[in-house]
Amino acid sequence: LLAMARADPEPAANAYSLVNISALATDVVSELTPRALERGVDIEFRGERPVHMRASAELIQVLLGNLISNAIRATPRGGLISVGLEQCPEGPCLTIEDSGPGIPDEEKTAVFRRFHRLQATPGPGSGLGLSIVQAVAKAHGAKVALEDRVPGPGLRVAVHFPALEKA
(Lines give C-alpha, C1' and ligand atoms only; values in the text may rest on other atoms or scores of the structure.)
Protein backbone atom coordinates (compact mmCIF):
# COMPACT_ATOMS: atom_id res chain seq x y z
CA LEU A 1 0.00 0.00 0.00
CA LEU A 2 2.92 2.29 0.71
CA ALA A 3 4.22 1.66 -2.82
CA MET A 4 0.80 2.59 -4.22
CA ALA A 5 0.78 5.82 -2.23
CA ARG A 6 4.26 6.66 -3.53
CA ALA A 7 3.04 6.06 -7.08
CA ASP A 8 0.45 8.84 -6.79
CA PRO A 9 1.32 10.99 -9.83
CA GLU A 10 0.97 14.36 -8.07
CA PRO A 11 3.73 14.20 -5.43
CA ALA A 12 5.90 11.79 -7.40
CA ALA A 13 6.27 14.09 -10.41
CA ASN A 14 8.54 16.36 -8.37
CA ALA A 15 10.89 13.46 -7.56
CA TYR A 16 11.52 12.45 -11.18
CA SER A 17 14.99 12.68 -12.67
CA LEU A 18 16.85 11.27 -15.65
CA VAL A 19 17.15 7.53 -14.89
CA ASN A 20 19.04 4.77 -16.69
CA ILE A 21 16.34 2.08 -16.59
CA SER A 22 18.75 -0.43 -18.16
CA ALA A 23 20.88 -0.21 -15.03
CA LEU A 24 17.81 -0.46 -12.78
CA ALA A 25 16.57 -3.54 -14.66
CA THR A 26 20.00 -5.18 -14.47
CA ASP A 27 20.12 -4.51 -10.71
CA VAL A 28 16.65 -5.91 -10.05
CA VAL A 29 17.32 -9.01 -12.17
CA SER A 30 20.61 -9.56 -10.28
CA GLU A 31 18.85 -9.12 -6.94
CA LEU A 32 16.08 -11.61 -7.79
CA THR A 33 18.23 -14.20 -9.61
CA PRO A 34 19.00 -16.18 -6.42
CA ARG A 35 15.27 -16.53 -5.72
CA ALA A 36 14.67 -17.73 -9.29
CA LEU A 37 17.53 -20.23 -9.08
CA GLU A 38 16.19 -21.59 -5.76
CA ARG A 39 12.97 -22.38 -7.60
CA GLY A 40 14.85 -23.99 -10.50
CA VAL A 41 13.99 -21.16 -12.90
CA ASP A 42 16.43 -19.46 -15.28
CA ILE A 43 16.25 -15.70 -15.65
CA GLU A 44 17.91 -13.54 -18.29
CA PHE A 45 18.17 -9.86 -19.14
CA ARG A 46 18.42 -8.86 -22.76
CA GLY A 47 18.29 -5.30 -23.81
CA GLU A 48 19.79 -2.13 -25.06
CA ARG A 49 22.06 -0.15 -22.80
CA PRO A 50 21.61 2.55 -21.78
CA VAL A 51 17.91 3.42 -22.02
CA HIS A 52 17.04 6.64 -20.22
CA MET A 53 13.76 8.17 -19.16
CA ARG A 54 12.50 10.78 -16.74
CA ALA A 55 11.25 8.75 -13.79
CA SER A 56 11.35 7.92 -10.12
CA ALA A 57 14.11 5.31 -9.81
CA GLU A 58 12.48 3.96 -6.64
CA LEU A 59 9.11 3.45 -8.32
CA ILE A 60 10.60 1.84 -11.43
CA GLN A 61 12.44 -0.60 -9.14
CA VAL A 62 9.11 -1.40 -7.45
CA LEU A 63 7.47 -2.00 -10.84
CA LEU A 64 10.31 -4.26 -11.99
CA GLY A 65 10.45 -6.10 -8.67
CA ASN A 66 6.72 -6.85 -8.71
CA LEU A 67 6.68 -8.05 -12.32
CA ILE A 68 9.77 -10.24 -11.97
CA SER A 69 8.66 -11.65 -8.59
CA ASN A 70 5.28 -12.56 -10.11
CA ALA A 71 7.05 -14.29 -12.99
CA ILE A 72 9.27 -16.24 -10.59
CA ARG A 73 6.24 -17.36 -8.59
CA ALA A 74 4.32 -18.42 -11.72
CA THR A 75 7.12 -20.19 -13.59
CA PRO A 76 7.52 -23.92 -12.95
CA ARG A 77 10.88 -25.60 -12.24
CA GLY A 78 12.92 -25.75 -15.43
CA GLY A 79 11.19 -22.67 -16.84
CA LEU A 80 12.60 -19.41 -18.17
CA ILE A 81 11.97 -15.74 -17.44
CA SER A 82 13.22 -13.20 -19.95
CA VAL A 83 13.42 -9.49 -19.11
CA GLY A 84 13.83 -7.27 -22.14
CA LEU A 85 14.33 -3.55 -22.62
CA GLU A 86 14.63 -1.59 -25.81
CA GLN A 87 14.28 1.96 -27.04
CA CYS A 88 11.20 1.86 -29.27
CA PRO A 89 10.17 4.84 -31.44
CA GLU A 90 7.36 5.70 -29.01
CA GLY A 91 9.66 5.40 -25.96
CA PRO A 92 11.24 2.73 -23.75
CA CYS A 93 9.62 -0.72 -24.00
CA LEU A 94 10.03 -3.15 -21.11
CA THR A 95 8.94 -6.78 -21.42
CA ILE A 96 8.87 -9.64 -18.94
CA GLU A 97 8.08 -13.08 -20.37
CA ASP A 98 7.67 -16.25 -18.37
CA SER A 99 6.93 -19.87 -19.21
CA GLY A 100 4.24 -20.27 -16.55
CA PRO A 101 0.55 -20.96 -17.11
CA GLY A 102 -0.27 -17.40 -18.19
CA ILE A 103 -3.44 -15.50 -17.30
CA PRO A 104 -6.79 -16.40 -18.88
CA ASP A 105 -8.13 -13.67 -21.19
CA GLU A 106 -11.20 -13.15 -18.99
CA GLU A 107 -8.92 -12.35 -16.00
CA LYS A 108 -6.46 -9.97 -17.73
CA THR A 109 -8.37 -6.85 -16.67
CA ALA A 110 -9.37 -8.08 -13.20
CA VAL A 111 -5.79 -8.83 -12.08
CA PHE A 112 -5.08 -5.09 -11.94
CA ARG A 113 -7.70 -4.62 -9.19
CA ARG A 114 -6.44 -4.41 -5.62
CA PHE A 115 -6.50 -7.71 -3.72
CA HIS A 116 -7.48 -9.75 -6.80
CA ARG A 117 -5.68 -13.09 -7.05
CA LEU A 118 -6.13 -15.83 -9.59
CA GLN A 119 -7.58 -19.06 -8.17
CA ALA A 120 -4.50 -21.15 -9.00
CA THR A 121 -1.89 -18.59 -7.91
CA PRO A 122 0.85 -20.47 -6.05
CA GLY A 123 2.50 -19.18 -2.88
CA PRO A 124 1.75 -16.26 -0.62
CA GLY A 125 0.60 -12.89 -1.85
CA SER A 126 -1.92 -10.15 -1.25
CA GLY A 127 -3.15 -9.47 -4.77
CA LEU A 128 -1.60 -6.00 -4.82
CA GLY A 129 1.38 -6.56 -7.13
CA LEU A 130 -0.23 -5.78 -10.47
CA SER A 131 -2.32 -2.92 -9.06
CA ILE A 132 0.95 -1.38 -7.82
CA VAL A 133 2.51 -1.96 -11.26
CA GLN A 134 -0.50 -0.22 -12.86
CA ALA A 135 -0.23 2.75 -10.46
CA VAL A 136 3.52 3.17 -11.11
CA ALA A 137 2.96 2.92 -14.87
CA LYS A 138 0.17 5.49 -14.75
CA ALA A 139 2.35 7.86 -12.69
CA HIS A 140 4.93 7.67 -15.52
CA GLY A 141 2.44 7.99 -18.38
CA ALA A 142 3.07 4.35 -19.35
CA LYS A 143 0.71 1.62 -20.54
CA VAL A 144 0.81 -1.99 -19.29
CA ALA A 145 -0.37 -4.85 -21.53
CA LEU A 146 -0.79 -8.50 -20.55
CA GLU A 147 -0.40 -10.83 -23.51
CA ASP A 148 -0.01 -14.52 -24.12
CA ARG A 149 3.63 -15.48 -24.64
CA VAL A 150 4.31 -16.67 -28.17
CA PRO A 151 5.09 -19.46 -28.42
CA GLY A 152 3.19 -20.39 -25.26
CA PRO A 153 2.49 -21.23 -22.65
CA GLY A 154 3.28 -18.23 -20.54
CA LEU A 155 2.66 -14.57 -20.01
CA ARG A 156 4.24 -11.55 -21.67
CA VAL A 157 3.91 -8.27 -19.80
CA ALA A 158 4.76 -5.22 -21.89
CA VAL A 159 5.20 -1.76 -20.36
CA HIS A 160 5.39 1.05 -22.90
CA PHE A 161 6.80 4.30 -21.50
CA PRO A 162 6.52 7.65 -23.29
CA ALA A 163 9.55 9.01 -25.14
CA LEU A 164 11.98 11.26 -23.31
CA GLU A 165 11.14 14.83 -24.19
CA LYS A 166 13.90 16.70 -25.98
CA ALA A 167 15.04 19.88 -24.25
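The axes of helix H3 (residues 21-38) and helix H4 (residues 57-74) cross at roughly 35 degrees and come within 10 Å, where axes are lines fitted to C-alpha atoms over the stretch in contact and angles run from 0 to 180 degrees between N-to-C directions. The model is predicted, so local features need pLDDT of at least 70 and side-chain atom pairs count only at pLDDT 80 or more, while totals for chains, interfaces and linings use all residues. Residues are numbered from 1 along each chain as its sequence is written, and side-chain values use heavy atoms, with hydrogens and water left out.

- On the H3 side, the contact (heavy atoms within 4.5 Å) is made by Ile21, Leu24, Ala25, Val28, Val29, Leu32, Arg35 and Ala36, and on the H4 side the residues include Ile60, Leu64 and Ile68.
- The residues of this contact of H3 with H4 divide into 12 nonpolar, three polar and one charged, with Gly counted as polar and Arg as charged.

**Helix H4**
- The 18 residues of H4 should span 26 Å at 1.5 Å a residue, which agrees with its end C-alpha atoms being 26 Å apart.
- Among the residues of H4 that are buried are Leu63, Leu64 and Ile68, buried meaning under 20% relative accessible area with a 1.4 Å probe and protein chains only.

**Leu94**
- Leu94 lies in strand E5 (residues 91-98) and is buried, with a relative accessible area of 4%.
- Not counting residues up to four places away in sequence, Leu94 touches Leu63 and Leu64, and also Val83, Gly84, Leu85, Val157, Ala158, Val159 and Phe161.
- Leu94 and Gly47 are 47 residues apart in sequence, and their C-alpha atoms are 8.9 Å apart in space.

Methods. Helix = DSSP H or I, 4+ residues; strand = E, 2+ residues; numbered from the N terminus. Expected span 1.5 Å × (residues − 1). Buried < 20%, exposed > 50% of the residue type's maximum accessible area, 1.4 Å probe, protein only.
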